[in-house]
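Here is a friendly briefing on the fold you are about to look at. Please keep the sequence and the 3D view side by side as you read.

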Amino acid sequence: MSIAQLCFDTPHSLDAASTAEAINGVLHAMRMNGQILGREHPLVERDGMVCCYVMVPENGAFSDLHYNVWVRRFLGRLHESGIHGPTVTFLSVDRGESEKTEAIPSSYVLYASHVSLESPLRSGNDFMPVPLYRVPPTRDGGYHDVILWQSDYQACDTLYMNDLTAVRAAYRELSTVTSSLTRQGRAICAHWTAAMGVPVFYNLLQGPTRNRRKQLERRCPECHSVWLLES
């Protein structure tokens with residue numbers, strides 16, 4: 001991942017509320033397109049411009065090639081209001097996350113956790129994050145359902161890991177094949193599998209057990225076939 005500074009040149013005639021609304025519209029569209037990670041994008045005035053600091057999956061995230069119809073639409077509205085930009089400056093690069101192969105993986109995994117910030121789509125070859133804009137859109141030309149699934153998964157995982165409130169309910173959502181959260185995630189996986197022609201797997205959480213025999217005897221929660229692999 002990288003941290004980028006986005007700066008917008010705003011006209012003096014435009015009030016602060018209208019400026020923030022126009023810029024936040026672009027940022028939201030970019031987030032739903034997988035170009036921006038996370039939900040917090042505070043705006044600050046700096047050197048006569050309005051700037052924000054965002055996390056992005058890679059340095060090429062803001063290439064025109066990755067803009068979808070929604071990003072282009074909100075950028076158009078931004079420019080119609082007299083705001084120019086954004087001007088992008090990359091402030092840091094996480095080498096471990098950014099060095100990804102461009103080859104198409106043989107499989108993918110839909111994965112999230114309460115501490116993950118990156119894309120919820122992982123390569124099945126090396127488990128590195130894959131920017132969402134590199135795979136077919138899932139809904140209305142974007143990834144709105146994927147981002148919302150990730151947010152819901154992280155909320156449940158946070159409750160489960162905190163071990164204070166609604167722990168059992170959160171664990172059921174994370175670990176049950178028939179839960180609402182799992183059904184949403186598997187529907188996304190099925191869509192991508194059909195669109196890309198390669199398997200997209202869903203990570204179903206299974207909590208730890210103290211009984212080794214029961215662990216080895218676990219079966220697939222859907223078809224109930226043997227789950228243990230020889231290697």
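Strands β5 and β7 pair in the parallel sense over 3 bridges; two strands count as paired if DSSP finds at least two bridges between them. Helices (H or I, at least four residues) and strands (E, at least two) are DSSP runs numbered from the N terminus.

This is a predicted model, in which local features need pLDDT of at least 70 and side-chain atom pairs count only at pLDDT 80 or more, while totals for chains, interfaces and linings use all residues. Residues are numbered from 1 along each chain as its sequence is written, and side-chain values use heavy atoms, with hydrogens and water left out.

**The three-stranded sheet**

- β5 and β7 belong to an open sheet of 3 strands, ordered β6-β5-β7, with mixed pairing.
- The edge strands, β6 (121-123) and β7, each pair on one side only.
- Neighbouring strands of this sheet are turned by 30° against each other on average, direction ignored; axes are lines fitted to C-alpha atoms, for helices over the stretch in contact, and angles run from 0 to 180 degrees between N-to-C directions.
- Within the β5 and β7 pairing, L110 stands opposite Y202 in β7.
- Helix α6 packs on this sheet and touches β5, β6 and β7, with its direction making about 170° with that of β7; contact means heavy atoms within 4.5 Å.

**Helices α4 and α6**

- Two packed helices are described by the angle between their axes and the distance between the axes.
- For α4 (residues 144-162) and α6 (residues 180-196), the axes come within 10 Å and cross at roughly 145°.
- The crossing of α4 and α6 is left-handed, a term used if the near helix is turned anticlockwise from the far one by less than a right angle (right-handed if clockwise).
- On the α4 side the contact is made by D145, V146, W149, D152, Y153 and C156, and on the α6 side by L181, Q184, G185, I188 and W192.
- The residues of this contact divide into 7 nonpolar, 2 polar and 2 charged, where Ala, Val, Leu, Ile, Met, Phe, Trp, Tyr, Cys and Pro count as nonpolar, Asp, Glu, Lys and Arg as charged, and the others, Gly among them, as polar.

**Nonpolar cores**

- In soluble globular proteins, nonpolar side chains tend to be buried together.
- The largest nonpolar core here has 24 residues, and those with the most contacts inside it are L121, W149, W192 and Y202; such a core is a set of buried Ala, Val, Leu, Ile, Met, Phe, Trp, Tyr and Cys residues joined through side-chain atoms within 4.5 Å.
- Buried means under 20% relative accessible area, exposed over 50%, and partly exposed in between (1.4 Å probe, protein chains only).
- At least two residues of this core come from each of β5 (108-110), α4, α5 (167-175), α6 and β7 (200-202), and α4 gives the largest share, 5 residues.
- Leaving aside neighbours within four places in sequence, W149 is in contact with L110, Y111, A112, P120, L181, Q184, G185, I188 and Y202.

**The four-stranded sheet**

- An open sheet of 4 strands has the order β2-β3-β1-β4, with antiparallel pairing.
- β2 and β4 (84-93) stand at the edges with a single partner strand each, so one side of each has no neighbour in the sheet.
- From one strand to the next, the twist averages 30°.
- β1 (residues 2-9) and β3 (residues 49-56) pair over 7 bridges, with V50 of β3 as the bridge partner of F8.
- β1 is joined to β4 by 7 bridges, and D9 has H84 as its bridge partner in β4.
- β2 (residues 43-46) and β3 share 4 bridges; in β3, L43 has C52 as its bridge partner and E45 has V50.
- The hairpin of β2 and β3 has 2 residues between the strands, and D47 in its turn has a positive phi of about 55°.

**Around this sheet**

- Helix α1 (residues 16-32) lies across β1, β2 and β3, running at about 120° to β2.
- Helix α2 (residues 69-80) packs on the sheet, touching β1 and β4, and its direction makes about 120° with that of β4.
- T10 lies in the loop between β1 and α1 and counts as buried because its relative accessibility is 16%.
- Leaving aside neighbours within four places in sequence, T10 is in contact with T19, V50 and I83.
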